[in-house]
Amino acid sequence: LAAPVTLFLDDLQWADSASIAAVSQLLCSSGSSLNQKQFFFLGCHREGIIDSAHPVWELVCNAEQCDVSFSRLKLDCMGE
């Protein structure tokens with residue numbers, strides 16, 4: 001990649017397995033320039049919906065196995 005790529009996906013609690021698998025492939029593809037800090041993924045989901053049976057859980061596990069650096073942030077409710 002000539003320039004960094006950012007992918008933002010909101011409402012991951014509604015994501016299907018194929019979409020999660022595609023993101024996982026982007027994060028974990030070995031030997032590509034994506035692993036050289038050229039790819040930034042930001043995903044958001046509602047609290048309490050993602051459990052070990054949800055496809056997003058597999059994405060997190062794959063990222064850990066691929067040694068992808070990531071952080072989890074919990075945001076409090078925003079005022080109206």
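View 1. Helix α1 (17–28), strand β2 (39–43) and helix α2 (55–65) each give at least two residues to the lining of the largest pocket. This is a predicted model: local features need pLDDT of at least 70, side-chain atom pairs count only at pLDDT 80 or more, and totals for chains, interfaces and linings use all residues. Residues are numbered from 1 along each chain as its sequence is written, and side-chain values use heavy atoms, without hydrogens and water. A pocket is an open set of points on a 1 Å grid over the protein atoms alone, where a 1.4 Å probe fits, with protein on both sides within 12 Å along at least five of seven lines; lining residues have an atom within 4 Å of a point.

**View 2. The pocket centre.** The largest pocket holds about 1,500 Å³ of space. Its lining counts 39 residues. Nearest the centre lie F41, L42, G43, S71 and R72. By class, the lining has 23 nonpolar, 7 polar and 9 charged residues.

**View 3. A nonpolar surface patch.** F8, F40 and L42 make a patch of about 300 Å². Patch residues have over 30% relative accessible area and no salt bridge, and nonpolar side chains are joined within 5 Å. F8 sits in strand β1 (residues 5–9). F8 counts as partly exposed because its relative accessibility is 44%; the cut-offs are under 20% for buried and over 50% for exposed, with partly exposed in between (1.4 Å probe, protein chains only).

View 4. The elements run β-α-β-α. That comes to 2 helices and 2 strands. Helices (H or I, at least four residues) and strands (E, at least two) are DSSP runs. Of the 80 residues, 22% are buried.

Technical notes. Grid points are joined across faces, edges and corners, and a volume is the space filled by probe spheres set on the points. Ala, Val, Leu, Ile, Met, Phe, Trp, Tyr, Cys and Pro count as nonpolar, Asp, Glu, Lys and Arg as charged, and the others, Gly among them, as polar. Patches are made of residues with over 30% relative accessible area and no salt bridge: like charges are joined within 9 Å, nonpolar side chains (Val, Leu, Ile, Met, Phe, Trp, Tyr) within 5 Å. Accessible areas come from the Shrake-Rupley method with a 1.4 Å probe; for residues, only the protein chains shown count as cover. A salt bridge is a side-chain nitrogen of Lys or Arg within 4 Å of a carboxyl oxygen of Asp or Glu.
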